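I opened a new notebook page for this one. My plan was to start with the overall fold and then look up a few residues.

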Amino acid sequence: MQDDAKAAAAPLVVGIGGTIGGVSSTERALRIALSEAAAQGFRTQMFGGADMARLPLYDPRATSRTPEERAFVDAVRQASAVIISSPGYHGSISGVVKNALDLLEETARDPRPYLADMPVGLIATAYGWQATGSTIAALRSIVHALRGWPTPFAAAINTQVTRFDDEGGASDPAVVEQLRLIGRQVARFAPLSGGAA
């Protein structure tokens with residue numbers, strides 16, 4: 001019983017990322033980073049492609065929110081850190097990831113708005129190198145606009161050369177270690193955020 005209570009009290013890392021239409025490389029990469037945060041003693045909650053597909057297009061004038069929208073915003077409100085993983089679509093982040101991040105406008109009047117003072121790990125996957133760099137740059141810009149702290153290391157993964165498997169691994173051990181580093185960095189910096197734990 002004490003172990004259950006201790007686990008429930010552990011700080012939370014929320015993962016956001018994936019694509020619509022099945023489990024993607026982007027989502028598999030995110031799972032590796034989250035598993036490392038869990039190994040560091042954090043609770044984790046993931047919003048993958050299927051979860052984000054259930055979020056309606058963000059309407060700032062809507063007078064009510066769906067249960068899925070509320071669950072997403074509430075999870076981020078409780079988080080001490082976030083990891084965002086996006087595919088590179090035409091040189092930037094995907095629409096479903098951007099839509100989820102737009103929904104954080106719901107926190108604008110919170111004591112801790114948006115991603116304020118939280119460490120945010122970043123992952124970009126693309127079929128080629130060019131889009132990985134521009135996608136990481138776009139993610140960094142968005143996180144800064146949301147008042148978060150991008151971690152020093154971000155993973156840019158070329159899925160032409162790296163393949164993920166269903167067992168939580170990848171064809172390149174260096175990529176797995178990069179993703180684990182993101183999990184360790186958000187875990188290391190989360191206590192500095194003074195966020196909800």
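Below are my entries, from the whole chain down to single side chains.

**Ground rules.** This is a predicted model, where local features need pLDDT of at least 70, side-chain atom pairs count only at pLDDT 80 or more, and totals for chains, interfaces and linings use all residues. I number residues from 1 along each chain as its sequence is written, and side-chain values use heavy atoms, with hydrogens and water left out.

**Overall fold.** I looked up the secondary structure and found seven helices and five strands; these are DSSP runs numbered from the N terminus, helices being H or I with at least four residues and strands E with at least two. Along the sequence they follow the pattern α-β-α-β-α-α-β-α-β-α-β-α. The radius of gyration is 16 Å, close to the 16 Å from the globule rule for 197 residues, so the protein is as compact as a globular protein of that length. (That radius is taken over C-alpha atoms, and the rule is 2.2 Å times the number of residues to the power 0.38.) Buried residues make up 50% of the 197; buried means under 20% relative accessible area, exposed over 50%, and partly exposed in between, with a 1.4 Å probe and protein chains only.

**T151.** I went to strand β5 (residues 149-158), where T151 lies. T151 counts as buried, at 2% relative accessibility. Beyond its neighbours within four places in sequence, T151 has contacts (heavy atoms within 4.5 Å) that include P119, V120, R140 and F189.

**Y58 and R65.** Y58 sits in the loop between α3 (49-53) and α4 (67-78). Not counting residues up to four places away, Y58 touches R65, N99, D102, L103, E105 and E106. Two of these, R65 and E106, also form a salt bridge with each other (2.9 Å, N to O). That pair links distant parts of the chain, 41 residues apart, with E106 in the loop between α5 (95-102) and β4 (119-126). I noted R65 as buried at 14% and E106 as partly exposed at 30%.

How many salt bridges does a search of the whole structure find? It finds nine, each a side-chain nitrogen of Lys or Arg within 4 Å of a carboxyl oxygen of Asp or Glu. D102, which Y58 touches, pairs with K98 (2.6 Å, N to O). D102 and K98 are four residues apart in helix α5, so about one helical turn separates them. In helix α4, R77 and D74 are three residues apart, and their side chains meet at 3.5 Å, N to O. Last entry: E36, E177 and R184 are linked in a network of salt bridges.
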